[in-house]
Amino acid sequence: FVVWQEHKCNQIVSEFMEDNMSDLFDQVTGDQDIFKKLASKIPGFDGYIERQNRRAADKLLRETVADHFEALYKRISALQTDFVSQGEILYVDDIERAAIKLRTFIDKIRRASYGYSGFFDAVKINEDELARVYQYDAAFLDLEGEVSQAIDNLEASMGSDGLPAAIRHLTSKSQDCLDAFNRRNEVMQQG
């Protein structure tokens, strides 16, 4: 009986989907027709839609960058734990400086202004400035690789004479992230 009920339920769902899929498609494309009509009658409306898409893309990019750096931050935290467990407490504070810089960068990225300013936004940004903002955002992805390599170097340097230099390098790369964000922010503030 249970198998029959499951089969009957699947059959009803299939019939519903077949009957209503074309209606659903017509409704979605009909809604698009409304936007096309608005775009043809309201000057700048299609530009508005494009800017909204740009805003969503910028937010997605920043969230992705922040998530990638969050993974790097977790690696640094795990290394700090390793240092403590191996008795290398002397270096934990130095590593913490790099971790704090990276955490600050992540938090700033998550709260950064969008790469597009709306009509009523306090900060306006033009297309050239927007292109520069996107270049900084792309540079963040390059910095991710550099920070990751610095963390790899730190891991490889544990217990060696190269450890202090590896920590300084990681701290420097973490500062590079903050500096790049600050340059991006300057472009946003100039807008």
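This chat goes through the aromatic contacts of a predicted model.

Student: How many aromatic pairs does the structure hold?
Tutor: Two.

Student: Take Phe69 and Phe105. How far apart are the ring centres, and what kind of pair is it?
Tutor: The centres of Phe69 and Phe105 are 4.8 Å apart. The planes stand at 75°, so this pair is edge-to-face. Over 60 degrees is what counts for that label.

Student: Which helices do Phe69 and Phe105 lie in?
Tutor: Phe69 lies in helix H2, residues 45-85. Phe105 lies in helix H3, residues 92-111.

Student: Is Phe69 buried or exposed?
Tutor: Buried, with a relative accessible area of 0%. Phe105 is buried too, at 1%.

Student: Now Phe105 and Phe140. What are the distance and angle there?
Tutor: The ring centres of Phe105 and Phe140 are 5.2 Å apart, with the planes at 75°. That makes the pair edge-to-face.

Student: Where does Phe140 lie?
Tutor: In helix H4, residues 127-157. Phe105 is in helix H3, so this pair ties together parts 35 residues apart in sequence. Both Phe105 and Phe140 are buried.

Student: Which residues form the aromatic cluster?
Tutor: Phe69, Phe105 and Phe140 form one cluster. Phe105 pairs with Phe69 and with Phe140.

Student: Switching to charges. What lies over the face of Tyr73?
Tutor: Arg103 does.

Student: How far is Arg103 from the ring centre?
Tutor: Arg103 is at 4.7 Å from the ring centre of Tyr73.

Note on methods:
Residues are numbered from 1 along each chain as its sequence is written. This is a predicted model: local features need pLDDT of at least 70, side-chain atom pairs count only at pLDDT 80 or more; totals for chains, interfaces and linings use all residues. Side-chain values use heavy atoms; hydrogens and water are left out. Rings of Phe, Tyr and Trp (its six-membered ring) pair if their centres lie within 6.5 Å; planes under 30 degrees apart count as stacked, over 60 as edge-to-face and the rest as tilted. Helices (H or I, at least four residues) and strands (E, at least two) are DSSP runs, numbered from the N terminus. Buried means under 20% relative accessible area, exposed over 50%, partly exposed in between (1.4 Å probe, protein chains only). A charge sits over a ring if NZ of Lys or CZ of Arg is within 6 Å of the ring centre and within 35 degrees of the ring normal.
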